[in-house]
Amino acid sequence: MPVSRNASRWAAYVLAAIAAVLIGVIYYAGHYDQAIQYVATNALSPIFALAAAMLALLALVKSKPNWKDRYWIIWFCYTCGMALWGLGELTWSIYALLLNVPVPYPSIGDLFWLAGYPFFFWALFVQVWPFREAFSQRSQILGPVSMLILAGATISVLFPSILATEADLISVVIGVAYPVFDILLLAVAIPAFLLFRRGEFWKPLVFVILGITLALVGDLWFAFATLDGTYYNGHPLEMLFFWSYLAFALGFYTKLKQGAWPR
Amino acid sequence: MAKIIPLRINVKEDALLQSIDETFTILCSASVRESFYDFLEKEFKLRRDEIPSRLDLFVKALEKATGSAPSEVIMKNILKRFCARLGVEFNSGRYVRGSFKDAVINALRSP
């Protein structure tokens, strides 16, 4: 691999690490000045998410469109999913900063976020399916088993509370849809991460899968925190979303910069 | 009299290469297959037509490129297709991890 390509990749890793630490500093500073944290985090979240979406688009445009190519479809789905989640973040920030009103629930942002899930799910599924027989190996069984435990715990804790609320039907449906989609996506993302974590070929995809996993863990934490009333705008769990967008951005950047393969 | 050109790759070796092509195309995609051959040449100085005679290096490259578990799935699929092309029965239940090279050599040497 040429030195310059390696250097630019390492520069991206260092930049992402600095950004991740800075986000931590902003949330820590929020203990002293919540107003600055509120503005900074709400302004930065769409920038992070849309920057990742832009890198995804650049990487996709660079490769030749081919609907018969499994990997082109995978990257197309990741790009669509990322763009939709980016629009979700943008909508949230418009409510919080421009309109200066409490973010309604459900909002248009929820539509964008929920619309992103099928794209991520399909991309992961298409990637993992040909290698499904690897999951019969003992070393690969950990992922699916841990997912079943997580699914059981989430359903038993979240669902009774969501269904007991006196909210309208749409709010309840959306409230149930998030954890269901999170679990479904995690059920594919975690085994995929364990399976593909080694190997030069999968490096960009592994960053993307890490991004999905961080976002989903953040989302489930958000659901629990909202239910027990501990969530507030600026809660440290939001850091997971920022780190998730950084992982996405690294994945798309690595894909953009990777020369010969994977295409 | 027509000049006889000696075949550089014999029929069984060609069957192996076609099995590799087919496996990559089905499990990944045609573009990934071509990229993998680029990777073999650039990182391991291994050309496609040299694979049958340098199986050790091929296995090493495949593991580096795709990781341990996915490379085993790929090798098992290559072997399955290779045996089908040779008309030899392939018992996937009896396939042992890490036996790809020996299995291919046995098949190449079989009558």
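Predicted model: local features only at pLDDT ≥ 70, side-chain atom pairs only at ≥ 80, totals over all residues.
**Entry 1: the make-up of chain A**

I began by listing the elements of chain A and found eight helices and zero strands. Read from the N terminus, they run α-α-α-α-α-α-α-α. I then checked the radius of gyration of chain A, which is 19 Å, close to the 18 Å that the globule rule gives for 263 residues, so chain A is as compact as a globular protein of that length. Along the principal axes, the C-alpha atoms of chain A fill a box of roughly 55 × 40 × 30 Å.

**Entry 2: the inside of chain A**

Next I wanted to know what share of chain A is buried. Of its 263 residues, 38% are buried. I also looked at contacts in chain A between residues at least 6 apart in sequence, and 75% of these join residues at least 24 apart.

Then I turned to the largest nonpolar core, which has 85 residues. Among those with the most contacts inside this core are A:Ala52, A:Tyr78, A:Phe193 and A:Tyr245. Which helix gives the core its largest share? I found that helix α3 of chain A (residues 70–98) does, with twelve residues. A handy reminder for myself: in soluble globular proteins, nonpolar side chains tend to be buried together.

Leaving out residues up to four places away in sequence, A:Ala52 touches A:Met82, A:Gly86, A:Tyr245, A:Phe248, A:Ala249 and A:Phe252.

**Entry 3: where the chains meet**

I moved on to the contacts between the chains. Here 20 residues of chain A are in contact with 19 residues of chain B. On the chain B side, α2 (30–44), α3 (55–66) and α4 (68–86) each supply at least two residues. The largest share of that side, eight residues, comes from α2(B). I sorted the residues on this side of chain B by kind: ten are nonpolar, six polar and three charged.

**Entry 4: one helix of chain B**

Last, I followed helix α1 of chain B (residues 11–27). Its 17 residues reach 24 Å from first C-alpha to last, close to the 24 Å expected at 1.5 Å a residue. Which of its residues are buried? I noted B:Ala15, B:Leu16, B:Ser19, B:Ile20, B:Thr23 and B:Phe24. What covers the buried residues of α1(B) includes α2, α4 and α5 (100–109) of chain B.

Note on methods: Residues numbered from 1 in each chain as written. Chains lettered and ligands numbered in written order. Helix = DSSP H or I, 4+ residues; strand = E, 2+ residues; numbered from the N terminus. Rg over C-alpha atoms; globule rule 2.2 N^0.38 Å. Buried ≥ 20, exposed ≤ 12 C-beta atoms within 10 Å, placed from the backbone. Contact = placed C-beta atoms within 7 Å. Core = buried A, V, L, I, M, F, W, Y, C linked by C-beta atoms within 7 Å. Nonpolar A, V, L, I, M, F, W, Y, C, P; charged D, E, K, R; others polar. Expected span 1.5 Å × (residues − 1).
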